Amino acid sequence: MHSALRAFHTVNLIAFVALGAVALVTWRRRRDRASVWAAAAFGSLALLELLSLIPAHEHNVGQKIVTRIDVVILVAFPYLLFRFTNVFRRAGRPFAQAVLGLTLVLTVWACAIPRYPQPGEPRNTDVEAFTIVFLLHWTILSIAAAMLLWRSGREQPSVAKRR
């Protein structure tokens, strides 16, 4: 089982780094808003996969910083994806400002948590509260991104809609 999980992790690493590289190359060629947000979103996933190669035990300052960077990337990804889909069809300005505010609050909160528990350790209340708000944030932005893509595809010709 361990070798299967290791193989799956390696495949994920290669796939996300390749996706991030393709998004970056596309941005460098096109220089448009859609490609910059795609490069930011998928490049962040590539960076997250590369950082996963570093052990995450919080025993020294360097590893604590890597852990916080990991969590900040996880907080930022759904917002970056939302901004990417926002290029195709705009969300309401108040909603966009609210999710930006929530993303910034979660980013600061992620950095302010004194210690993240290791696997198998119990979670303290601040980590539990952060996790609940984080999941709410991720869910709201994922639904918003899906709805924006769905609505922008509705106005396309039938061949493009079915792709």
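A: Happy to. Please keep in mind that this is a predicted model. The protein exposes about 10500 Å², and 68% of that area comes from carbon and sulfur atoms. Its secondary structure consists of six helices and zero strands, so the order along the sequence reads α-α-α-α-α-α by the DSSP runs. The C-alpha trace spans about 55 × 40 × 30 Å along its principal axes.

Now to the inside. Of the 163 residues, 31% count as buried. The largest nonpolar core is built from eleven residues. Its members are Ala23, Ala34, Trp37, Ala38, Ala39, Ala41, Phe42, Leu45, Phe77, Leu80 and Phe84. Two elements, helix H2 (33–51) and helix H3 (61–86), each give two or more residues to this core. Helix H2 gives the most, with seven residues. In soluble globular proteins, nonpolar side chains tend to be buried together.

Leaving aside residues up to four places away in sequence, Ala41 touches Phe77, Leu80 and Leu81.

Among contacts between residues at least 6 apart in sequence, 68% join residues at least 24 apart. Met147 counts as partly exposed because its relative accessibility is 38%, a value between the 20% limit for buried and the 50% limit for exposed. The C-alpha atoms of Met147 and Ala91 are separated by 9.6 Å, although the two residues lie 56 apart along the chain.

The protein has 19 positive and 8 negative charges, and the mean positions of the two sets are 15 Å apart.

Finally, a word on confidence. The mean pLDDT of the protein is 83, with 90% of its residues at 70 or more. Confidence is highest in helix H4 (residues 93–112), at a mean of 92. Helix H6 (residues 158–161) has the lowest confidence, at a mean of 58. Where pLDDT is low, the predicted coordinates should not be read in detail.

Technical notes: Residues are numbered from 1 along each chain as its sequence is written. This is a predicted model: local features need pLDDT of at least 70, side-chain atom pairs count only at pLDDT 80 or more; totals for chains, interfaces and linings use all residues. Side-chain values use heavy atoms; hydrogens and water are left out. Helices (H or I, at least four residues) and strands (E, at least two) are DSSP runs, numbered from the N terminus. Buried means under 20% relative accessible area, exposed over 50%, partly exposed in between (1.4 Å probe, protein chains only). Contact means heavy atoms within 4.5 Å. Accessible areas come from the Shrake-Rupley method with a 1.4 Å probe; for residues, only the protein chains shown count as cover. Lys and Arg count as positive and Asp and Glu as negative; His and the chain ends are not counted. The place of a charge is taken as NZ of Lys, CZ of Arg, CG of Asp or CD of Glu. A nonpolar core is a set of buried Ala, Val, Leu, Ile, Met, Phe, Trp, Tyr and Cys residues joined through side-chain atoms within 4.5 Å. pLDDT is the predictor's confidence in each residue, from 0 to 100.
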